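Trainee: I would like a close look at a single part of this model. Please start there and then connect it to the rest.

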Amino acid sequence: MTPHWLIAPVLVPAILGPLMILWMRHDLLQQRVFGVIGSLLTLIVAIKLNVTAAGGEVIVYRLGNWPAPFGIVLMLDKLAALMLLLTGILAVIVQLYGIGSGWDRKGWHFHSLWMFQLMGINGAFMTGDAFNLFVFFEILLIASYGLMTHGGGPMRLRAGVQYIGYNLAGSALFLAALGTLYAVTGTLNMADMAERVAMMEPQDTALLRTGAVLLMLVFAIKAAIVPLHFWLPSTYANAPGPVAALFAIMSKVGIYAIIRFFTLVFPSDSIVETIATDLLLPAALITLILGQLGVLGTRSLTRLAAFAAIASIGTLVISIARFDVQGLTAGLYYMLHSTLAAAALFLVVDLVAARRGGDFWLRQRPAIRNTGLVSALFFATAIAVVGLPPLSGFLGKLLIIRATATDPWMAVIWTVILVTSVISLVGFGRAGSILFWKAHELDPEPGNDTDEGQRPVRGPIPTKLESDEPIQDVDDSAAPWLAFLAVGGLLACSVAMTIFAGPLTGYLQHMAEQLTQPELYYDSVLRMQEGSR
Amino acid sequence: MELLVASGIGACMAAGIYLILRLRTFAVVLGMTMITYAINTFLFATGRLVVNLPPILHDGDAAAYTDPLPQALVLTAIVISFGMTAVVVMMSLGAFIEGGDDHINMPPDDREMPPLKTIDDRPEEERA
């Protein structure tokens with residue numbers, strides 16, 4: 001008996017999204033209520049699914065009850081359940097920030113696009129079918145195009161065009177990879193494909209290898225691994241703060257797909273060997289170096305956050321690229337940490353920029369409103385992102401360093417991780433001192449956004465954007481306390497990950513062991529079909 | 001026939017790649033369309049090229065049929081790429097109207113720090 005709960009993370013947002021457009025398109029309050037309810041529901045279902053998946057089975061949901069290689073399946077293992085949970089936590093917290101900061105009224109359909117985005121992300125984490133993965137990728141990308149350009153403005157739209165162009169090329173590549181793999185294996189079900197790959201003769205694998213490499217390229221585009229990262233900085237830097245924070249999970253979808261495909265379909269002992277994964281480690285090292293240099297070199301606060309996101313991807317992939325239990329455990333821990341930390345960083349950056357009237361350049365300005373609280377949040381987030389104790393970034397890097405201790409590249413990996421940590425420490429220190437310390441050297445000018453008394457007191461904030469209103473303005477913040485609470489919530493998750501690091505890494509180790517036993521997936525998807533529902 | 005289809009796909013793809021590397025959005029949109037054509041044809045061909053065979057089993061004769069799955073896939077791909085072309089056209093139009101030109105590259109404002117606006121830069125009536 002398969003619980004029908006498995007489809008809920010896709011179905012709930014899929015129903016609520018259109019409902020919001022059709023039924024409550026002019027009522028922001030209703031959209032907010034239903035949006036938060038939708039995200040909360042996916043979070044609750046994710047918690048329940050984690051309890052289900054913790055038993056160690058791979059639970060398969062056969063859509064329409066068609067038997068496996070013919071019908072599409074969703075499959076839930078520990079990794080998928082954990083990713084759903086991470087998405088749920090991030091979605092709820094960041095959505096509250098979007099409401100609290102007033103971003104959700106700066107354009108149309110913020111909350112329904114949010115739902116479609118969740119639907120795509122959740123679906124991509126659960127699907128057991130390669131073509132279905134493409135479809136869910138498209139759903140999450142289409143929603144992300146809308147969210148990324150939310151609020152409009154020339155810079156955001158132009159960055160949006162670049163983002164769409166890059167990702168359309170990526171989607172075309174994805175289709176080419178799937179077509180190649182289908183032509184060789186004759187199936188699109190991941191477990192079935194894995195079994196056929198295992199049965200293939202070595203001399204027939206030229207096309208299969210091409211397909212595997214193409215697939216790796218596609219996922220590297222989504223994950224923004226150098227040299228396929230060029231879409232990320234201007235996209236994340238120009239996206240609205242809460243949207244950029246949600247995008248922190250989107251690049252992890254690429255990482256998830258790499259883990260899924262290259263443990264299940266093309267494990268390192270399969271016929272394609274490590275042709276697609278060999279390049280992952282050097283690429284990850286360069287990604288890390290480039291990201292941290294970007295953190296140090298940039299003159300824009302939003303780009304600083306974007307480059308920090310790139311660097312975290314690099315660190316993560318260094319560990320994942322080993323594809324053994326230890327490497328995966330460390331990588332998964334760092335994935336949880338870096339998603340939450342990157343999201344918190346984007347939100348803090350948005351808090352700062354909103355308080356400077358939308359000025360996100362790193363330069364001396366008079367002290368901002370709530371400067372004490374904002375600078376404390378920036379400090380804590382920087383600690384988490386850079387990887388200093390006591391927050392979870394430190395433990396994550398420590399786990400990765402321990403996991404790579406026996407690697408032949410050990411010296412290079414350790415040097416790069418440690419040196420780039422110092423570089424990013426300097427980068428964040430520079431940003432923080434320009435933003436918060438040097439600010440006190442200037443007197444608040446009258447009429448500046450720091451001066452609370454100067455602005456005329458407005459009535460209740462209208463739910464629609466007036467045409468002459470600035471896009472980013474702290475006075476629009478419907479509930480600043482909610483925005484602060486959201487950032488605090490993300491940091492609290494990081495603290496919790498530090499406190500419960502022992503049990504968490506134990507669980508992640510079980511997860512990594514499950515991932516390295518693909519037979520479990522073959523049996524669950526293809527053989528345990530009788531009376532499946 | 002294989003040679004014809006393969007070279008058609010190759011030519012389409014080459015033209016598409018050349019076009020998406022151009023600096024203006026119009027050429028990039030056209031390039032996207034070309035790439036989509038190439039990929040859709042490629043996807044269609046992954047079920048082997050045959051002539052005059054139905055995509056359904058008839059009398060259990062496995063030789064007299066063509067694989068229906070790529071046709072279903074290509075249908076999905078066509079729908080998605082069609083929608084995406086519309087999205088990219090709308091977005092380019094928005095960027096053109098808001099940004100004033102149709103260049104793909106970000107304008108220099110994206111990298112250069114604009115001068116800080118002080119209270120003296122504001123228009124006359126606001127200063128009063």
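How far apart do the end C-alpha atoms of residues 6–21 of chain B lie, and what percentage of the span is helix?

Mentor: They lie 23 Å apart, and the span is 94% helix with 0% strand. A helix here is a DSSP run of H or I of at least four residues, a strand a run of E of at least two, and both are numbered from the N terminus. Keep in mind that this is a predicted model: local features need pLDDT of at least 70, side-chain atom pairs count only at pLDDT 80 or more, and totals for chains, interfaces and linings use all residues. Residues are numbered from 1 along each chain as its sequence is written, while chains are lettered from A and ligands numbered from 1 in the order in which they are written.

The span has a label in a record. UniProt, in an unreviewed entry, gives "transmembrane region" at residues 6–21, 28–51 and 71–97 of chain B. Its positions follow the numbering used here, feature names are shortened, and annotations may be inferred rather than shown by experiment. Take residues 28–51 of chain B next. The end C-alpha atoms of that span are 34 Å apart, and it is 75% helix and 0% strand.

Now the whole chain. Chain B holds 4 helices and 0 strands. In sequence order the pattern is α-α-α-α. Chain B has a radius of gyration of 24 Å, well over the 14 Å that the globule rule gives for 128 residues, so it is more spread out than a compact globule. That radius is taken over C-alpha atoms, and the rule is 2.2 Å times the number of residues to the power 0.38. The C-alpha atoms of chain B fill a box of roughly 90 × 25 × 20 Å along the principal axes. Buried residues account for 23% of the 128 in chain B. Buried means 20 or more other C-beta atoms within 10 Å of the residue's own, exposed means 12 or fewer, and partly exposed is in between, with C-beta atoms placed from the backbone. Of the contacts in chain B between residues at least 6 apart in sequence, 52% join residues at least 24 apart. A contact is a pair of residues whose C-beta atoms, placed from the backbone, lie within 7 Å.

Chain B also touches chain A. That contact takes 31 residues from chain B and 33 residues from chain A. On the chain A side, α5 and α6 (154–185) each supply at least two residues. Helix α6(A) gives the most, with 18 residues. The chain A side divides into 19 nonpolar, 9 polar and 5 charged residues. Ala, Val, Leu, Ile, Met, Phe, Trp, Tyr, Cys and Pro count as nonpolar, Asp, Glu, Lys and Arg as charged, and the others, Gly among them, as polar.

Stay with α5 for a moment. Gly146(A) sits in helix α5 (residues 130–148) of chain A. Gly146(A) counts as buried because 21 other C-beta atoms lie within 10 Å. Beyond its neighbours within four places in sequence, Gly146(A) is in contact with His109(A) and Leu113(A). Gln117(A) is 29 residues from Gly146(A) in sequence and 9.6 Å from it in space, C-alpha to C-alpha.

Next, the core. The largest nonpolar core has 223 residues, and Ala343(A), Ala344(A) and Leu347(A) have the most contacts inside it. Such a core is a set of buried Ala, Val, Leu, Ile, Met, Phe, Trp, Tyr and Cys residues joined through C-beta atoms within 7 Å. Helix α13 (residues 325–355) of chain A brings the largest share, 21 residues. Leaving out residues up to four places away in sequence, Leu347(A) touches several residues, among them Tyr97(A), Gly241(A) and Leu490(A).

Finish with the backbone on either side of α13. Phe323(A) is in the loop between α12 (301–320) and α13 of chain A. Phe323(A) is not a glycine, yet has a positive phi of about 55°. Phe323(A) counts as buried because it has 21 C-beta neighbours inside 10 Å. Asn370(A) lies in the loop between α13 and α14 of chain A. Asn370(A) also has a positive phi, about 50°, although it is not a glycine. With 15 other C-beta atoms within 10 Å, Asn370(A) is partly exposed.

Technical notes. Two residues are in contact if their C-beta atoms, placed from the backbone, lie within 7 Å.
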